[in-house]
Amino acid sequence: MNFLDRFRYSYDNLKELNLSKVENTNKTNFNNPILKSLLSTSVKVTPEIFPKIDKSIKNVFSKLELNNNFNFFITANHTQSQASCAMMPESNSAEIIITSKLIELLNGEELQYVIGHEVSHHYYQHNLYPTPNQAKGKTELLNLLHLSRASEISADRAGFLGSGNVENSLKAMLKIASGLGDEHLTFNFSSTLDQLRELKEIKGDQNQLYSTHPSFLNRMQALVWFSMSNEYHEYFETNKKGIYDLKTIDQKINDSIKKVIGEELDISTKEIFSSALMWGALKIFIADRKFTKKEQDLFEKNFGEKSTISMLSLLKISNPQSIEGRIKSALDEASNLLLQDRERLFKEIEKLISVAEGSEDQIKNSLKVIKETLKV
Ligand SMILES: [Zn+2]
């Protein structure tokens, strides 16, 4: 186990989504179209041609305690400061492509941040995450974007650990965001925080909800907080004490990103959650095909008078199959929620089995179906 596992951002977790990794068994270089194209159009980094870049690369692998199975390429692009990690799924190597503009913008240590960031995308196997354009519905789309933003926070941490210096990492972020180099830039982190505050004061930028990357302001703040964690200082024996534990920091980062992108994901989660809870409760109560007076009272206590009245009239006019259909669709929708929410939902429904009336077997069977649908 590498220390990168220990420092992975906790929201960067595919298991939270009811989705599986992208599978691909194509492992040989003969079939690697990315490598073919790079070898024919970009310049591969070797110590002979690019000694300075090569040194930065070597420093990163030594700091991250990883083997270098990567090919690095420089591609001519004077307009965009970009680096990307291209890899075939399941492959144990990857190609990292850096634009010429980025190389010219950054000094060696700042470049180490970028290299560490990209290398970690491969280490964490972020390319196996389904991409947002594969989403089958809005909840899934928002969750995949949330996951994608989370993966950038993990990668930024690795970038910092690969550069060994938080200020250089932040400077690299600021240079990439502004496109300007040392001549124009004096590093000042508190001014950056002022800009983040200003953005939050005007209630954020809701377009960021659809962005695969968090705002650079959130990313810089996230990195500074990480560098103040107890775990970081303990692991690297800096002789300094951290201010927060990593768990608190991860929550702070998530809250701060939310203030920028808006609460829409939370609101839609809440709606889906409460609808599934109501229909799930009904499934437990009518497991024996009877909705007794006591169960109706309990239902009303949990979901209010209005919902209970409309549920009772619906039960009166509908056949059992159509009610089952409504229950199933509410639970299916909830199966797109994050694992922590699905587990919380299941626990809430499970509590009802002690108060539901009817045959224990029928109730347990209904609960089993709910569990399977929610995939918890
Ligand atoms: Zn990235």
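The coordinates come from a predicted model, in which local features are described at pLDDT of at least 70 and side-chain atom pairs count only at pLDDT 80 or more.

**The sheet**

Four strands form an open sheet in the order β1-β2-β4-β3, and the pairing within this sheet is mixed. The edge positions belong to β1 and β3, each of which has a single partner strand, so one side of each is left without a neighbour in the sheet. Helix α2 (residues 33-41) packs on the sheet, where α2 touches β2, β3 and β4 and where its direction makes about 40 degrees with that of β4. Helix α5 also lies across β2, β3 and β4, and α5 runs at about 25 degrees to β3.

| Strand pair | Sense | Bridges |
|---|---|---|
| β1 (residues 43-44) and β2 | antiparallel | two bridges |
| β2 (residues 70-75) and β4 | parallel | six bridges |
| β3 (residues 83-86) and β4 | antiparallel | four bridges |

Elsewhere along β4, Asn71 stands opposite Glu95, while Cys85 stands opposite Ile96.

Strand β4 (residues 94-99) is mostly covered, since six of its six residues are buried. Ala94, Ile96 and Ile98 point one way from β4, whereas Glu95, Ile97 and Thr99 point the other way, and all of these are buried.

**Two helix pairs**

Helix α3 (residues 51-64) packs against helix α5 (residues 108-123) at an angle of about 55 degrees, and their axes are 9 Å apart. That angle makes α3 oblique to α5, and α3 passes α5 in a right-handed crossing. On the side of α3 the contact is made by Lys52, Ile53, Lys55, Ser56, Ile57, Asn59, Val60 and Leu64, which meet Gly108, Leu111, Gln112, Ile115, Gly116 and Val119 in α5. By class, the residues of this contact between α3 and α5 divide into seven nonpolar, five polar and two charged.

Helix α12 (residues 264-285) and helix α15 (residues 339-351) pack at an angle of about 30 degrees, with axes 9 Å apart. Angles under 35 degrees count as roughly parallel, and α12 and α15 are therefore roughly parallel to each other. The crossing of α12 and α15 is right-handed. Thr269, Phe273, Ala276, Leu277, Gly280, Ala281 and Ile284 are the residues of α12 that meet Asp341, Leu345, Glu348 and Ile349 in α15. The residues of the contact of α12 with α15 comprise seven nonpolar, two polar and two charged.

**Two single residues**

Is Glu357 buried or partly exposed? Glu357, which has its place in the loop between α15 and α16 (360-374), counts as partly exposed because it has 15 C-beta neighbours inside 10 Å. Between Glu357 and Phe285 there are 72 residues of separation in sequence, yet their C-alpha atoms are 6.9 Å apart in space. Once the neighbours within four places in sequence are left aside, Glu357 is in contact with Thr292, Lys294 and Glu295.

Leu367 is found in helix α16, and Leu367 is buried, because 20 other C-beta atoms lie within 10 Å. Which residues does Leu367 touch, not counting those up to four places away in sequence? They are Ile284, Glu350 and Ile353, and Ile284 is also one of the α12 residues that meet α15. The C-alpha atoms of Leu367 and Leu193, which are 174 residues apart along the chain, are separated by 48 Å.

Terms used
Residues are numbered from 1 along each chain as its sequence is written. Axes are lines fitted to C-alpha atoms, for helices over the stretch in contact, and angles run from 0 to 180 degrees between N-to-C directions. Angles under 35 degrees count as roughly parallel, over 145 as roughly antiparallel, 65 to 115 as roughly perpendicular and the rest as oblique. A crossing is left-handed if the near helix is turned anticlockwise from the far one by less than a right angle, and right-handed if clockwise. Two residues are in contact if their C-beta atoms, placed from the backbone, lie within 7 Å. Ala, Val, Leu, Ile, Met, Phe, Trp, Tyr, Cys and Pro count as nonpolar, Asp, Glu, Lys and Arg as charged, and the others, Gly among them, as polar. A residue is buried if 20 or more other C-beta atoms lie within 10 Å of its own, exposed if 12 or fewer, and partly exposed in between; C-beta atoms are placed from the backbone. Two strands pair if DSSP finds at least two bridges between them.
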